[in-house]
Amino acid sequence: MILVTGGAGFIGSNFVLDWIAATGEPVVNLDKLTYAGNLANLAALAADDRHRFVRGDLCDAALLERLFAEHRPRAVVHFAAESHVDRSIHGPAAFVQTNVVGTFTLLEAARTWWQGLEGAAREDFRFLHVSTDEVYGTLGESDPPFTEATAYAPNSPYSASKAGSDHLVRAYHHTYGLPAVTTNCSNNYGPYQFPEKLIPLTIANALEGKALPVYGDGRQVRDWLYVADHCEAIRLVLERGRPGETYNVGGDSERRNLEVVHGICDALQSVRPRAGGYRGLVAFVADRPGHDRRYAIDARKIRGELGWNPRESFDSGLAKTVRWYLDHGEWVARVRSGEYRQWVETNYASRSAA
Ligand code: NAD
Ligand code: TYD
């Protein structure tokens, strides 16, 4: 079986669902269930004994040691993290704790486990670290996209903590020989994404007729990838990626934020028409401090070496995503209660419309 961390979050839950459907191999899923973790994402596996859920913290070394001994995983796929840039600006401590200390604790447990293995089990063991393109910092409008050789220049507490975790993973390979691989992926979107991130926030607000907050001038660029394509890339890297290597993953779908928001408005208008349309809900608000202007990924390495190609275009992925949120109003309503309201107050109250 494999050990997945953070498998109740957005990408992790998509991965676990896809993994069990595609491979049938059992998963032990360690997740702390922070505000971002949601067992409802895994409801389809409730009665499936190929999925074992363990609620716990990445920073709990004794728990990790027990999990390795009990489940004897052949691989680790490490998603668990604090993942939202705006939250990292308001409260960076949790990012250092989970992303740096948590990854360190997991690496130590994995190293101890792996060093006790012999023969093929030791040879074949893999530690896959799921990271982000944000570690590379920001690009100018005409700069070439990030490659695996781009120097790290993280700009937010989130990206700095992810960069720290990437460096630890690299060091554990270099120093101890731990067979680790890292993926650095661009912005994901799709089912089960918590509506604090741009795309689900825009869909959820639009459906309620609320303002659609666009930071600054809305001309910042992100390179969007549908989550199932990311999950497939991770499966391929786990199977055939070379230990010690990093792989950039991205969908060649650079879009300005305002284009993304308008695209959502238009997609919604075609399936759930609103008098006067949705675009009029756009509200320009104060910019994010230290806001990275542009991310773009050069994914030639994973395409050439592993034959990976995204299946969804941005338009097809966005249409699927809008459909999913329309069909899952209850899921959205549940995650938008409680702590979420507090977050909206914290993040948006001080950003009066610009
Ligand atoms: P998410 O915030 O939706 O989910 C994170 C999960 O980790 C949650 O289920 C949470 O409960 C769990 N978690 C947090 N702290 C924990 C701890 N201390 N111990 C155990 N579990 C803990 O995040 P996501 O968007 O699914 O991202 C998953 C991974 O992919 C992250 O490492 C992130 O940096 C990376 N990534 C995300 C994107 C993106 O666009 N979302 C892009 C590239 C890379
Ligand atoms: P986000 O989804 O938070 O991802 P990231 O910061 O990791 O790229 O934001 C995507 C882009 O959308 C980013 O440039 C910030 C912008 N944004 C808004 O304009 N308004 C919002 O309310 C949010 C959450 C993000």
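**Around the two ligands**

A: Let's start with ligand 2: helix 7 (198–207) and strand 8 (212–215) each give at least two residues to the shell around it. Helices (H or I, at least four residues) and strands (E, at least two) are DSSP runs, numbered from the N terminus. This is a predicted model, where local features need pLDDT of at least 70 and side-chain atom pairs count only at pLDDT 80 or more, while totals for chains, interfaces and linings use all residues. Residues are numbered from 1 along each chain as its sequence is written, chains are lettered from A and ligands numbered from 1 in the order in which they are written, and side-chain values use heavy atoms, with hydrogens and water left out.

Back to that shell. Strand 8 makes the largest contribution to it, three residues. In total 17 residues surround ligand 2, and the closest are Glu-134, Arg-222, Arg-288, His-291 and Tyr-348. A residue is counted here if one of its heavy atoms lies within 4 Å of the molecule. Sorted by class, the shell has eight nonpolar, four polar and five charged residues. For that sorting, Ala, Val, Leu, Ile, Met, Phe, Trp, Tyr, Cys and Pro are nonpolar, Asp, Glu, Lys and Arg are charged, and the others, Gly among them, are polar.

Now for the polar contacts, which with a ligand are pairs of N or O atoms within 3.5 Å. The side chain of Glu-134 has an N or O atom 2.5 Å from an oxygen atom of ligand 2. For His-291, the side-chain distance to an oxygen atom of ligand 2 is 2.7 Å, and for a polar side-chain atom of Asn-257 it is 2.8 Å. On its own, ligand 2 has 510 Å² of accessible area, and the protein covers 97% of that. Such areas come from the Shrake-Rupley method with a 1.4 Å probe; for residues, only the protein chains shown count as cover.

On to ligand 1. It has 28 residues around it, and Ile-11, Asp-31, Ser-83, Tyr-158 and Lys-162 come nearest. A polar atom in the side chain of Asp-31 sits 2.6 Å from an oxygen atom of ligand 1. Taken alone, ligand 1 exposes 830 Å², of which the protein buries 97%. Helix 1, strand 5 (126–132) and helix 6 (157–176) are the elements giving two or more residues to this shell, and strand 5 gives the most, with three. By class, the shell around ligand 1 divides into 12 nonpolar, 12 polar and four charged residues.

Helix 1 deserves a stop of its own. Of its 14 residues, 10 are buried (under 20% relative accessible area), so helix 1 is largely enclosed by the rest of the structure. Among the buried ones are Phe-10, Ile-11, Phe-15 and Trp-19. The buried residues pack against several elements, including strand 1 (2–5), strand 2 (27–31) and helix 8 (227–240), where contact means heavy atoms within 4.5 Å.

Key: Buried means under 20% relative accessible area, exposed over 50%, partly exposed in between (1.4 Å probe, protein chains only). A polar contact is a pair of N or O atoms within 3.5 Å; within protein, one must be able to donate a hydrogen and the other to accept it, and residues adjacent in sequence count only if both atoms are side-chain atoms.
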